[in-house]
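This report describes selected geometric features of one protein model. The sequence and coordinates come first.

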Amino acid sequence: MSEKVIIIGSGPSGWTAAIYAARAELKPLVFEGAYTDENRIAGTLPLGQLALTTEVENYPGFPAGNLEAYLDAALPEAKRMEMPPHSRHGVNGPELLELMKQQAINFGTRIVSEDIKCVDFRRRPFHLSASDGNSYEAQSVIVATGARANYLGLPSEEKFKNRGVSGCAVCDGALPRFRNKPLAVIGGGDSAVEEATYLSKFASKVYLVHRRDKLRASKIMAERAAANAKIEILWNRGVDEVLGNEQQGVTGMRLKSTAGEADLELPISGFFLGIGHTPNTAFLQGGLELTDKKYIVWTTPGRTFTSVPGVFAAGDVADDYYRQAVTAAGTGCMAALDAERFLAEHGD
Ligand SMILES: Cc1cc2nc3c(=O)[nH]c(=O)nc-3n(C[C@H](O)[C@H](O)[C@H](O)COP(=O)(O)OP(=O)(O)OC[C@H]3O[C@@H](n4cnc5c(N)ncnc54)[C@H](O)[C@@H]3O)c2cc1C
């Protein structure tokens, strides 16, 4: 039997698409990914990137701090009296994703805990093969498989993830643990310079660690970094080890030289990766048009259409620019509405 809509992916974009598709009675089937060691190591376990982090301070509707006090202060008393008590403080990544998933289930979403391994989008119904060996058919598909931040792959980096090591400066930079502290950004491209510039608003100092003697970033970005008094570029340096301890998390880094100089040890409280992302699109195997960085191409401005009519893309898998939970959720909503309209027009 052919499904009306299959959603591949289980981050904010996938669950939001599922909520909208389920409420539109499209009975969505979500492939949330498989719980395998391979996915754990790659950072693509079900629930996506946000499940890898702790505090989420910028998702609207979940203010950090004492939520009870916040509601008392923010709402008129009569309105406040209608609300049930809430003792939690803000929300963390896994909580937020579990809430989204539950919301999708509440409206009838069905979930398969498997990866989609390959697709055939040449004709409708589309064919999808899952990691359990089963094949599925769908009249429309929403690809919401996200992108993962690249890490250096050092054991010390893995050890201090969420305790000072982060793959997202915009997401984590404003957290109290990084305020007025020396931080490091690894990389030399535009995104590394952007991250360093962003962090310089909060940090006492930002080291930009680059393994060459010239930034890969565009001229304007490189000039911006050079003009920022808080940014110090450490040329010809690679990371040997992230230093830290159980209580404080990251406390420093040891850098090796790519130009024959002695090792350098510096105190830092935050270690941010600015070495790019890898979109989870390998399983598409040429089924959709991709950019040169392997992101799915949105073919029509302001829509989630892909190169194949009836296949839509949502979230970070098609967005290498904003990369936030709320933008992923926004395009998830759009993809479900686009799929609904497509099915109404083309029949299911
Ligand atoms: C350390 C860190 C902290 C962050 N903090 C914040 C923050 O505070 N606020 C914020 O707004 N954003 C934050 N972000 C960014 C945010 O997590 C992403 O923008 C958002 O999760 C993207 O959502 P998505 O739905 O597009 O994809 P993802 O969250 O990447 O989820 C996609 C998921 O789909 C599944 N999947 C992948 N391939 C397949 C397949 N073939 N078959 C089936 N399933 C598959 C996997 O489970 C994958 O993880 C952070 C990111 C990182 C790395």
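## Second largest pocket

The second largest pocket is lined by 15 residues, and those nearest its centre are Arg 303, Phe 305, Phe 312, Asp 338 and Arg 341. A pocket here is an open set of points on a 1 Å grid over the protein atoms alone, with protein on both sides within 12 Å along at least five of seven lines; lining residues have an atom within 4 Å of a point. This pocket's volume is about 270 Å³, a volume being the space filled by probe spheres set on the points, which are joined across faces, edges and corners.

Helix 10 (residues 325–346) gives the most to the lining, with 7 residues. By class, the lining of this pocket has 7 nonpolar, 4 polar and 4 charged residues. Ala, Val, Leu, Ile, Met, Phe, Trp, Tyr, Cys and Pro count as nonpolar, Asp, Glu, Lys and Arg as charged, and the others, Gly among them, as polar.

## Basis of the model

The model is predicted: local features need pLDDT of at least 70 and side-chain atom pairs count only at pLDDT 80 or more, while totals for chains, interfaces and linings use all residues. Residues are numbered from 1 along each chain as its sequence is written, and side-chain values use heavy atoms, with hydrogens and water left out.

## Helix 1 and helix 10

The axes of helix 1 (residues 12–23) and helix 10 come within 7 Å and cross at roughly 35°. Axes are lines fitted to C-alpha atoms, for helices over the stretch in contact, and angles run from 0 to 180 degrees between N-to-C directions. The contact (heavy atoms within 4.5 Å) involves Pro 12, Ser 13, Thr 16, Ala 17, Tyr 20 and Ala 21 of helix 1. On helix 10, the contact residues are Ala 325, Ala 328, Ala 329, Gly 332, Cys 333, Ala 336 and Leu 337. Together they divide into 10 nonpolar, 3 polar and no charged.

## Overall fold

The protein chain has 10 helices and 17 strands, taken as DSSP runs (helices H or I, at least four residues; strands E, at least two) numbered from the N terminus. Along its principal axes the C-alpha trace spans about 65 × 55 × 40 Å.

## Cavity

There is 1 cavity of 30 Å³ or more, a cavity being a set of points where a 1.4 Å probe fits but cannot get out. The largest cavity has a volume of about 60 Å³. Residues lining the largest cavity include Asn 150, Glu 195, His 277 and Arg 323.

## Backbone details

The peptide bond from Arg 124 to Pro 125 is cis, with omega near -5°. Pro 125 sits in the loop between strand 4 (116–120) and strand 5 (126–130). Asn 162, although not a glycine, has a positive phi of about 70°.
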